[in-house]
Amino acid sequence: MCQLLGMNCNVPTDIMFSFSGFSQRACEHADGFGIAFFEERGVRCFVDAQPANQSPVADLIKAYPIHSKHVVAHIRKATEGHVALENCHPFTRELWGRYWVFAHNGDLKNYHPRLHGAFRPVGDTDSERAFCWLLQEMAKSHASLPSAQELTRTLRELVPQVAQHGTFNFLLSNGEALWAHGTTKLHYLVRQYPFAQARLQDADITMDFAQIAQRDDRVALIATEPLTSNEPWTAFQSGELKVFAQGQLLDSD
C-alpha cells in the first residue's frame with residue numbers, strides 16, 4: 001500500500017518534521033517517492049524511482065528550506081505500472097492557469113477511461129489515468145477556476161465514478177485548497193493553538209510547537225496512517241471527500 005502525506009496551512013510552514021517520519025515508511029514501500037510544494041502560484045516537484053530512505057533526492061529535500069502552505073508527498077508501492085520515474089507521484093498538470101498536483105494510493109481494476117481532451121498520461125499507472133480524467137471532466141464542468149466549495153460539489157459527482165473501480169485514496173491541490181478522498185485508510189489532523197509537543201510514530205523525534213508556532217497558525221495534515229503518536233488524528237470514513245483551506249476543514253460530508 002502506498003503512503004500519502006498532505007499539508008495545508010494558513011501561513012508558509014516547514015514540512016521537515018512530518019517528512020522525516022514519513023520518509024521512514026519507504027522501508028516497506030520502495031518503488032519510488034515524490035513531493036510537490038507550492039511557492040505562491042509556482043510549484044516545485046521532486047520525484048525519484050529510488051526509495052525515499054535511500055534517495056539522494058530525498059537528502060536534497062531534507063536540506064532544502066521548504067516553507068509552503070500546500071504540500072503533497074507520496075511513497076510508492078507499485079501495483080500497476082513498472083518502477084520508473086514517469087510513474088512516480090505526485091503528478092502535475094496545468095488547468096485554468098493554475099498548477100494541479102495529485103497523488104493516489106490504491107488499485108483501480110480495469111480502469112481505462114476515455115481520454116479525449118488535453119490531459120493524457122505519460123506513464124502507465126491507473127493513478128495518472130484517474131488524474132487526467134478528473135481534470136478533463138473538471139474542465140468540461142467549469143469554464144474557469146471555480147470556488148473551492150463549487151469544485152468540491154463537482155468532485156463529489158466525479159470521484160465515485162473512479163472509486164467504483166477499486167481503492168481511491170487521493171490528495172489533490174491547486175495551491176489554494178487541498179482535497180482528500182478516502183476509500184480505505186486516510187487520517188487528518190488540524191494542529192492549532194494551544195500548541196503542544198508532537199512525537200513521531202516512525203522516528204525518535206519530538207517537536208514542541210508551542211515554542212515555534214504563532215498563536216494564529218493553523219496546519220492541517222493528511223496521512224495514510226497517523227504520523228504522530230500523541231495527537232488526535234481523525235480517520236476518514238469510506239467514501240468521504242474533504243477539502244482544506246487556510247489550515248482548516250472547509251467542508252465535510
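The points below cover the sheet, the helices, the backbone geometry and the salt bridges of a predicted model.

1. Basis. This is a predicted model, in which local features need pLDDT of at least 70 and side-chain atom pairs count only at pLDDT 80 or more, whereas totals for chains, interfaces and linings use all residues. Residues are numbered from 1 along each chain as its sequence is written, and side-chain values use heavy atoms, with hydrogens and water left out.

2. The sheet. Seven strands form an open sheet in the order β3-β2-β4-β1-β12-β9-β13, with antiparallel pairing. The edges are β3 (42-48) and β13 (234-235), each of which pairs on one side only. Strands here are DSSP runs of E with at least two residues, and helices are DSSP runs of H or I with at least four, numbered from the N terminus. Two strands count as paired if DSSP finds at least two bridges between them.

3. Strand β2. Antiparallel pairing joins β2 to β3 over seven bridges, and five bridges join β2 to β4 (residues 67-75), also antiparallel. Phe 37 has Arg 44 as its bridge partner in β3 and stands opposite Val 71 in β4. Six of the seven residues of β2 are buried, so the strand is largely enclosed by the rest of the structure. Buried means under 20% relative accessible area, exposed over 50%, and partly exposed in between (1.4 Å probe, protein chains only).

4. Strands β9 and β12. Strand β9 (residues 187-192) pairs with β12 (residues 218-223) in the antiparallel sense over six bridges. Arg 191 stands opposite Val 219 in β12.

5. Helix α2. This helix (residues 56-63) lies across β2 (33-39) and β3, and runs at about 145° to β3. Axes are lines fitted to C-alpha atoms, for helices over the stretch in contact (heavy atoms within 4.5 Å), and angles run from 0 to 180 degrees between N-to-C directions.

6. Helix α3. With 16 residues (126-141), α3 reaches 23 Å from its first C-alpha to its last, close to the 22 Å expected at 1.5 Å a residue. The expected span is 1.5 Å times one less than the number of residues. Since 13 of its 16 residues are buried, α3 is largely enclosed by the rest of the structure.

7. Helix α4. The 16 residues of α4 (residues 148-163) should span 22 Å at 1.5 Å a residue, and the end C-alpha atoms are 21 Å apart, which agrees.

8. Cis peptide bonds. The bond from His 89 to Pro 90 is cis, with omega near -5°, and Pro 90 is in the loop between β4 and β5 (91-95). The bond from Tyr 193 to Pro 194 is cis, with omega near 0°; Pro 194 is in the loop between β9 and β10 (197-199). Most peptide bonds are trans, and most residues other than glycine have a negative phi.

9. Positive phi. Trp 96 has phi near 55° and is found in the loop between β5 and β6 (98-105). At 18% relative accessibility, Trp 96 counts as buried. Asn 110 has phi near 50°, in the loop between β6 and α3. At 70% relative accessibility, Asn 110 counts as exposed.

10. Salt bridges. The whole structure has eight salt bridges, a salt bridge being a side-chain nitrogen of Lys or Arg within 4 Å of a carboxyl oxygen of Asp or Glu. One of them joins Arg 44 and Glu 39 (3.0 Å, N to O); Arg 44 is partly exposed at 37%, and Glu 39 is partly exposed at 32%.

11. Buried salt-bridge partners. Glu 128 and Arg 93 meet in a salt bridge (2.7 Å, N to O). Glu 128 lies in helix α3 and Arg 93 in strand β5, so the pair ties together parts that are 35 residues apart in sequence. Glu 128 is buried at 2%, and Arg 93 is buried at 17%. Another salt bridge joins Lys 242 and Glu 240 (3.3 Å, N to O); Lys 242 is buried at 3% and Glu 240 at 12%.
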